[in-house]
Amino acid sequence: MAPKNPIAVVVLLLLARSCLAVATDVTADGKNGGGGRRALVANGLGLTPQMGFVSDKTSNLLIDRRKTADALATTGLAEAGYIYVNVDDCWADGKRDNQGHMVANPRTFPSGIKALADYVHSKGLKFGIYSSAGILTCSKKMPGSLGHEDTDAKTFASWVSEDVSRSSEYWTLDLLLTLGNMDVAKWGGLYGNSWRTTGDINDTWISMMDNIDKNDAFAQYAKPGGWNDPDMLEVGNGGMTYNEYVVHFSLWVIAKGPLIIGCDVTSISKETLGILSNSEAIAINQDKLGVQGKKVRKYDDEIEVWAGQLTRQRKAVLLLNRGAACSRLITATWLDLGIQLSVTVEARDVWKHETLPDKFTGSLTAMVEPHWCKLFVLTPV
């Protein structure tokens, strides 16, 4: 039975190259349900891709995450849907306590994790925390959860719930990550609500495009309750141009990737905020139909067409110019988009926030600048 108010815990299990993460279930008496580990099937979570913030690329954990929660609220990002505040690696002390529990690093989190989680919740947001399926985490500075899965799950839950035994509020595994060649998308839906399909992203055009290309290969496995994750958003971190960040966000949007902000939202620029809070783009990502858009036409090494089905017989269409030298005309044909040839549509430009004056039948063509894209929503008329 899905909880009425799912607990606001996201356990980020980072899989080592040869490790496998599993979810645990705890019954009302706090014991392992069904004799141990089981798959989280139809848990009622992740019906649309997750949206939030992660601390991985934003300086270090000395930044007070209370300020992050404040910024999500005051900038309007929380209202736009970014409701998770996720703490990444290095939050814990290097050793467990005498009872085998993880404890917060007293230098970076002197008030403890529960106090931080309580503050995040007071802002109407949800709290996420990181662990690893190995003996140590990737940083090798804090213990992983291998051999302590149940203990850690209960510890994390105790930081966000007064009554840990209430299983209706106890859902721990939301995101599976992998750095290896494990094709986690093919089995991740049995254990979690999203899963990494790539290695870690870097704040470069090449890395971003490489991740989305790898993610595209697993489009068929995405659906409401289970999403392919090409890694966090680099938008606003400074390594790409404005146009490239628009492409980055547009590709994550149409591919139904979790929208996890990786820049420092406490000092976010107006330009970055405009990209991340584009309500029309977010609506594509959060469309209830939950069909991952994918590459439907590759004309050469530079120009591509991506498309995905939306509710109300609409289509999201992205015309992408990967080239760095010149503008290109890009055509999306109805045959490539899976639209009946006789259907006429109107086209809404998601970044200009305007509906094109012409109607289109059979195809749509636009000029696209280098390292730029056009993102449309096509609606039958």
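**Salt bridges, ring contacts and a surface patch**

The side chains of Glu304 and Lys295 meet in a salt bridge, with 3.4 Å from N to O; a salt bridge is a side-chain nitrogen of Lys or Arg within 4 Å of a carboxyl oxygen of Asp or Glu. The model is predicted, so local features need pLDDT of at least 70 and side-chain atom pairs count only at pLDDT 80 or more, while totals for chains, interfaces and linings use all residues. Residues are numbered from 1 along each chain as its sequence is written, and side-chain values use heavy atoms, with hydrogens and water left out.

Side chains of opposite charge can pair when their charged atoms come close. The structure holds 17 salt bridges. Glu304 is buried, at 0% relative accessibility, whereas Lys295 is partly exposed at 23%; buried means under 20% relative accessible area, exposed over 50%, and partly exposed in between (1.4 Å probe, protein chains only). Glu304 also forms a salt bridge with Arg322, in which the closest N and O atoms are 2.8 Å apart. Because Glu304 lies in strand β10 and Arg322 in the loop between β11 (315–321) and β12, this pair ties together parts that are 18 residues apart in sequence. Helices (H or I, at least four residues) and strands (E, at least two) are DSSP runs, numbered from the N terminus. Arg322 is buried, with a relative accessible area of 16%. Salt bridges with shared partners join Asp213, Lys295, Lys298, Glu304 and Arg322 into one network.

A further salt bridge is formed by Arg328 and Glu302, with the closest N and O atoms 2.8 Å apart. Arg328 belongs to strand β12 (residues 328–333) and Glu302 to the loop between β9 (294–298) and β10 (303–309), so the pair ties together parts that are 26 residues apart in sequence. Arg328 is partly exposed at 21% relative accessible area, and Glu302 is partly exposed at 26%.

The structure holds 6 aromatic pairs. Rings of Phe, Tyr and Trp (its six-membered ring) pair if their centres lie within 6.5 Å; planes under 30 degrees apart count as stacked, over 60 as edge-to-face and the rest as tilted. The rings of Phe156 and Trp159 have centres 5.8 Å apart and planes at 45 degrees, so this pair is tilted. Phe156 is buried at 3% relative accessible area, and Trp159 is buried at 14%. Phe218 and Tyr221 form a tilted pair, with 6.5 Å from centre to centre and 45 degrees between the planes. Phe218 counts as buried at 13% relative accessibility, while Tyr221 counts as partly exposed at 27%. Ring pairs also link Trp91, Phe156 and Trp159 into a cluster.

Arg297 lies over the face of Tyr299, 5.8 Å from the ring centre. A charge sits over a ring if NZ of Lys or CZ of Arg is within 6 Å of the ring centre and within 35 degrees of the ring normal.

A nonpolar surface patch of about 300 Å² is made by Ile135, Leu136 and Leu146. Patches are made of residues with over 30% relative accessible area and no salt bridge, like charges being joined within 9 Å and nonpolar side chains (Val, Leu, Ile, Met, Phe, Trp, Tyr) within 5 Å. Ile135 is found in the loop between β4 (126–132) and α4 (149–158) and is exposed, with a relative accessible area of 65%.

Note on methods. Accessible areas come from the Shrake-Rupley method with a 1.4 Å probe; for residues, only the protein chains shown count as cover.
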